[in-house]
Amino acid sequence: MSILRQIAQLGQPVLRELARPIVNHLDPAIQALIDDMLATVADVDGVGIAAPQVYEPLALFIVASRPNLRYPHAPEMEPMAMLNPELLWASNDTEKGWEGCLSIPGIRGPVRRHRRVRVRYLTREGEICEEEYEGFLARIFQHEFDHINGLVYLDRVDSRELVTEKEYLRIVS
Ligand SMILES: [Zn+2]
């Protein structure tokens, strides 16, 4: 039985902590946390959520890519938990794309990210995976990876380029 978790809003110190690695993925508390995060990100229609955003400073996040206005070709995928994620390689080419964050409601900003990344993580079953992502999926990974390092996307944005959610919807429509 999963529960919807409260989402830490910008200003909560937990969002600025360095997350701890997960030592035992079979710990029932970890498996329950993953279920709760999956339920929470689905409830708010998000494309990703990191454990620090639900007040758990652990190296764990959910990636839940699906097509959207800005990335109509984004892969539709079954939401997936990534434990102890590592960024193995990042392309030199970068691109700007709009981001928002469940912890920073009402605001969007263009963030420059690596277009392609190679990553390693543990699945919730404990399988080690190495994958290469590009475009929107690479962007989600980098956004969530920032969270487990105590960063938010605002740290990578020129504040003069920030827009309100309402303006964002006008811009991308
Ligand atoms: Zn975020």
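## Charge and surface

Start with the charges: the chain carries 19 positive and 26 negative side chains, and the centres of the two sets are 7 Å apart. Here Lys and Arg count as positive and Asp and Glu as negative, with His and the chain ends not counted. Each charge is placed at NZ of Lys, CZ of Arg, CG of Asp or CD of Glu.

The accessible surface of the chain is about 9,000 Å², and 53% of that belongs to carbon and sulfur atoms. Those areas come from the Shrake-Rupley method with a 1.4 Å probe, and for residues only the protein chains shown count as cover.

## What you're looking at

This is a predicted model, where local features need pLDDT of at least 70 and side-chain atom pairs count only at pLDDT 80 or more, while totals for chains, interfaces and linings use all residues. Residues are numbered from 1 along each chain as its sequence is written, and side-chain values use heavy atoms, leaving out hydrogens and water.

## Overall fold

The chain has 3 helices and 8 strands, in the order α-β-β-β-β-β-β-β-α-β-α from the N terminus. Its radius of gyration is 15 Å, close to the 16 Å the globule rule gives for 173 residues, so the chain is as compact as a globular protein of that length. The radius is taken over C-alpha atoms, and the rule is 2.2 Å times the number of residues to the power 0.38. Helices (H or I, at least four residues) and strands (E, at least two) are DSSP runs, numbered from the N terminus.

The C-alpha trace spans about 45 × 30 × 30 Å along its principal axes. Of the contacts with a separation of 6 or more, 65% join residues 24 or more positions apart; a contact means heavy atoms within 4.5 Å. Buried residues make up 44% of the 173, buried being under 20% relative accessible area (1.4 Å probe, protein chains only).

## The zinc site

The zinc ion has C101 (SG), H143 (NE2) and H147 (NE2) as protein donors, 2.1 to 2.3 Å away. Donors are N, O and S atoms within 2.8 Å of the metal (3.2 Å for Na, K and Ca); water is not among the atoms, so sites may look incomplete. Along the chain the spacing reads C-x41-H-x3-H.

Both histidines sit in helix α2 (residues 135-148), 4 residues apart, about one turn of the helix. H143 is buried at 7% relative accessible area, and H147 is buried at 1%. Leaving aside residues up to four places away in sequence, H147 touches E17, A50, P52, Q53, C101 and V152.

How values were computed:
Buried < 20%, exposed > 50% of the residue type's maximum accessible area, 1.4 Å probe, protein only.
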